[in-house]
Amino acid sequence: MTIFDVLIPSPLVWSAVLIYGALIGSFLNVVIHRVPREESIAWPGSRCPHCMTALSWKDNIPLLSFVLLKGRCRSCQASISGRYPLVEALNAGLYVALLAAFGPTLQFLALAALASMLLAIFWIDLDTMYILNVLTYPGIALGIAYGGLIEGRWLPTLAAAAAGYALFWLISEGSRLYLKAIKSIHEDGMGMGDAKLAAMMGAWLGPERLVVALFASFLLGSIIGLALKARSGKSEPFPFGPALVIGTFASLFAGESIWRWYMGFLVG
Ligand SMILES: [Zn+2]
């Protein structure tokens, strides 16, 4: 019980969290676009990617500007990718969902930061097939601090982070040897970016919710893999990071009930 727990979220708090989430979502669009290109996220300001005209503040308001401009650049009329308002809406929606699930607590603030890091990892992996160390390394460090200081369990936190990494290291080595053995042209199976993301998940989630998250991720990954194979007739490499991110959110919001249901199922 902290001082925050006694504060019941008022409409003002809900609105503030929604606006804050959309603003951070707008910043995430910059991160997703520029970090893989090794460009500065601080300078220059946002531009139309088509005509390079700098955006004025009123054309750069999260969600609202997209609607007011009807999805087109004011200068060149090129259509603006629906990805921008989508990322803003997703980030705002996740913050509101986290506030509903965890209340106005320190836990909420920390998990909001996690949610934004995961959204950036999700889109960058979809775009580039890379999970960047500049996101996972701070993610692991913050996750260990969160598990140790806020959830008060250092050892399970560290163990889950190590287990997540070790599992994907084994999968990576195994798939590399397998692909080499069958002389596949795809040299990489599962990359080490996935192992670092799994370590990050372990740190934030702890052992029980990590198991739930990985289970959900592999289930989702299999469905995506089968769907792609059905479409193209052969096995295609696809980024696994987005499945891990969705598994993490599933575990974050419903992990404990899934775990209890599962254990009840096992114990009978
Ligand atoms: Zn333009």
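This is a predicted model: local features need pLDDT of at least 70, side-chain atom pairs count only at pLDDT 80 or more; totals for chains, interfaces and linings use all residues.
Phi of Leu63 is near 60°, a positive value in a residue other than glycine.

Met52 is found in the loop between α1 and α2 as well. Phi of Met52 is also positive, near 65°, and this residue is not glycine. Is Met52 buried or exposed? Met52 has 10 other C-beta atoms within 10 Å. The cut-off for exposed is 12 or fewer, so Met52 is exposed.

## A cis peptide bond

The loop between α1 and α2 (64-68) also holds Pro44. The peptide bond from Trp43 to Pro44 is cis. Its omega is near -10°. For background, most residues other than glycine have a negative phi, and most peptide bonds are trans.

## Packing of α1 on α3

Two packed helices are described by the angle between their axes and the distance between the axes. Helix α1 spans residues 11-34, and helix α3 spans residues 83-102. Their axes come within 7 Å and cross at roughly 140°. Angles over 145 degrees would count as roughly antiparallel, so α1 is oblique to α3. The crossing of α1 past α3 is right-handed.

Which residues of α1 and α3 make the contact? On α1 they include Trp14, Val17, Leu18, Tyr20, Gly21, Ile24, Gly25, Leu28 and Ile32. On α3 they include Tyr84, Val87, Glu88, Leu90, Asn91, Leu94, Tyr95 and Leu99. By class, the residues of this contact divide into 16 nonpolar, 5 polar and 1 charged.

The chain is divided into domain 1 (8-104) and domain 2 (105-268). Their C-alpha centres lie 26 Å apart. Across the boundary, 18 residues of domain 1 are in contact with 17 residues of domain 2.

Which elements give two or more residues to the side of domain 1 that touches domain 2? They are α1 and α3. The largest share comes from α3, with 10 residues. By class, that side of domain 1 has 16 nonpolar and 2 polar residues. It has no charged residues.

Note on methods. Residues are numbered from 1 along each chain as its sequence is written. Axes are lines fitted to C-alpha atoms, for helices over the stretch in contact, and angles run from 0 to 180 degrees between N-to-C directions. Helices (H or I, at least four residues) and strands (E, at least two) are DSSP runs, numbered from the N terminus. Angles under 35 degrees count as roughly parallel, over 145 as roughly antiparallel, 65 to 115 as roughly perpendicular and the rest as oblique. A crossing is left-handed if the near helix is turned anticlockwise from the far one by less than a right angle, and right-handed if clockwise. Two residues are in contact if their C-beta atoms, placed from the backbone, lie within 7 Å. Ala, Val, Leu, Ile, Met, Phe, Trp, Tyr, Cys and Pro count as nonpolar, Asp, Glu, Lys and Arg as charged, and the others, Gly among them, as polar. Domain bounds come from an automatic or database domain assignment. A residue is buried if 20 or more other C-beta atoms lie within 10 Å of its own, exposed if 12 or fewer, and partly exposed in between; C-beta atoms are placed from the backbone.
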